[in-house]
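Have a look at the model first.

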Amino acid sequence: MDLTITFVEHSDHRVEAAVSGDLDLATVDRFVASIEARMNGTAAVVVDASGLTFLDSSGLRALLMLHQRCRDNGGSLRIQAVQPKIARVLEIAGVRDLLDVRDG
Amino acid sequence: MTAVGEIDSIELVVPLSVASASIVRMTSVAIAAELGFAMDELDDVKLVMQELFALSIAADGHGRMRIEFRGRPGFLEVRGCLEPSPGRASPARIAIAGIDEVTGAILAVAADEVDLAPKSGDTFTMSKQARLHREP
């Protein structure tokens with residue numbers, strides 16, 4: 001399944017991206033490029049993962065990289081509305097506690 | 001759906017490409033479902049096969065992979081073999097050293113056994129037992 005990324009505009013310039021589909025080897029480059037293109041100096045990013053159906057290690061690494069980039073710029077990455085099957089991947093990989101994850 | 005009995009062998013041959021990854025994981029899930037795996041176990045199978053196939057693509061993005069599925073109710077075994085890409089006499093080798101902590105953790109937790117490149121470096125095997133079929 002492909003990945004759809006929908007951006008929500010906010011007056012405080014934070015970037016909010018609702019993702020649906022698979023974040024994996026096939027879609028990760030487009031995901032990162034889309035987020036980075038919108039960041040434009042802002043360091044607050046929210047990923048709405050309510051529609052995420054699959055996450056692999058390449059997607060996890062991308063989330064970790066974005067998390068680090070936001071922190072380096074004094075901001076944060078929040079991953080919200082995480083569904084149980086995606087939460088399990090985060091737990092299996094041992095990265096859930098490294099990220100700001102909110103269950104859906 | 002009635003689970004099948006023993007699966008002696010099902011083979012899938014695919015190009016080592018990103019586009020093939022979804023075919024590999026969907027085929028794996030379909031076979032595991034036939035063997036009676038539960039939903040969360042199917043998610044594990046899907047994830048492990050994605051990771052193993054991604055490692056294989058990293059080894060050789062131009063060749064092909066022959067994947068053999070065997071199983072019985074509640075048990076799945078998969079063996080993947082890299083085939084030589086055009087112009088090469090021998091297949092590439094899966095780079096075990098290239099496995100990072102994230103992938104390593106996934107393979108360790110989501111499968112019961114994963115053996116990468118057991119002999120020649122061009123093969124992986126994985127197996128998983130469904131919960132209901134585990135020994136007490």
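Q: What makes the place of Ala81(A) a strand?
A: Ala81(A) lies in β4 of chain A, residues 76-82. Strands here are DSSP runs of E, at least two residues, and helices are runs of H or I, at least four, both numbered from the N terminus. Ala81(A) also has a positive phi of about 60°, although it is not a glycine.

Before going on, a word on the ground rules: this is a predicted model, so local features need pLDDT of at least 70 and side-chain atom pairs count only at pLDDT 80 or more, while totals for chains, interfaces and linings use all residues. Residues are numbered from 1 along each chain as its sequence is written, chains are lettered from A and ligands numbered from 1 in the order in which they are written, and side-chain values use heavy atoms, with hydrogens and water left out.

Q: Why is Ser56(B) called buried?
A: Buried means under 20% relative accessible area (exposed is over 50%, partly exposed in between; 1.4 Å probe, protein chains only). Ser56(B) has 0%, so buried it is. Ser56(B) sits in helix α2 of chain B, a helix with 16 of its 21 residues buried.

Q: What is Ser56(B) in contact with, leaving aside its neighbours within four places in sequence?
A: Contact means heavy atoms within 4.5 Å, and on that count the partners are Leu16(B), Met65(B), Leu82(B), Ile94(B) and Phe124(B).

Q: What makes the pair Arg25(B) and Asp24(A) a salt bridge?
A: The rule wants a side-chain nitrogen of Lys or Arg within 4 Å of a carboxyl oxygen of Asp or Glu. In this pair the closest N and O atoms are 2.9 Å apart, and it counts as a salt bridge. Between chain B and chain A the count is five.

Q: How is the area between chain B and chain A put into a number?
A: Buried area is the accessible area (1.4 Å probe) that two parts lose on being put together, summed over both. Here that comes to about 1400 Å², with carbon and sulfur atoms giving 62%. On the chain B side, Arg25(B), Leu47(B) and Val102(B) supply 30% of the area buried against chain A, more than any other three residues.
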